[in-house]
Amino acid sequence: MNTPLQKADLQLDDYLDLLNLATNLGDTKWQKEIIRKLAYTYPGVQCKQPQ
C-alpha cells in the first residue's frame with residue numbers, strides 16, 4: 001500500500017494536551033520544547049517555564 005504523507009497541523013488544544021502529558025510524566029525537557037513551540041506558534045500566549 002502506498003499512502004502519501006500528510007503534515008499534521010496541531011491546534012492549541014493539542015499542544016496543551018501534550019504539555020499536560022509531559023507535565024504528568026515529569027519530562028521538563030519535553031515541556032520546554034512544547035512551550036517554545038507554543039510561543040512561536042501563538043506569540044500572544046504567555047507560558048510559564050517549568051522549574
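The structure is a predicted model, in which local features need pLDDT of at least 70 and side-chain atom pairs count only at pLDDT 80 or more, while totals for chains, interfaces and linings use all residues. Residues are numbered from 1 along each chain as its sequence is written, and side-chain values use heavy atoms, with hydrogens and water left out.

Helix α1 runs over residues 12-25 and, with its 14 residues, reaches 20 Å from its first C-alpha to its last, close to the 20 Å expected at 1.5 Å a residue; the expected span is 1.5 Å times one less than the number of residues. Helices are DSSP runs (H or I, at least four residues), numbered from the N terminus.

Within α1, the residues Y15, L19 and A22 are buried, a word that stands for under 20% relative accessible area, with exposed meaning over 50% and partly exposed in between (1.4 Å probe, protein chains only). Because they cover an arc of only 60 degrees around the axis, they lie on the same side of α1, the arc being that of the directions from the helix axis to the C-beta atoms. The buried residues of α1 pack against α2, whereas the face turned away from the buried side carries the exposed residues D13, D17, N24 and L25. Just after α1, G26 takes a positive phi of about 75 degrees.

Leaving aside neighbours within four places in sequence, K32 is in contact (heavy atoms within 4.5 Å) with Q49 and P50. The C-alpha atoms of K32 and P50 are separated by 7.0 Å, although the two residues are 18 residues apart along the chain.

Note on methods:
Helix = DSSP H or I, 4+ residues; strand = E, 2+ residues; numbered from the N terminus.
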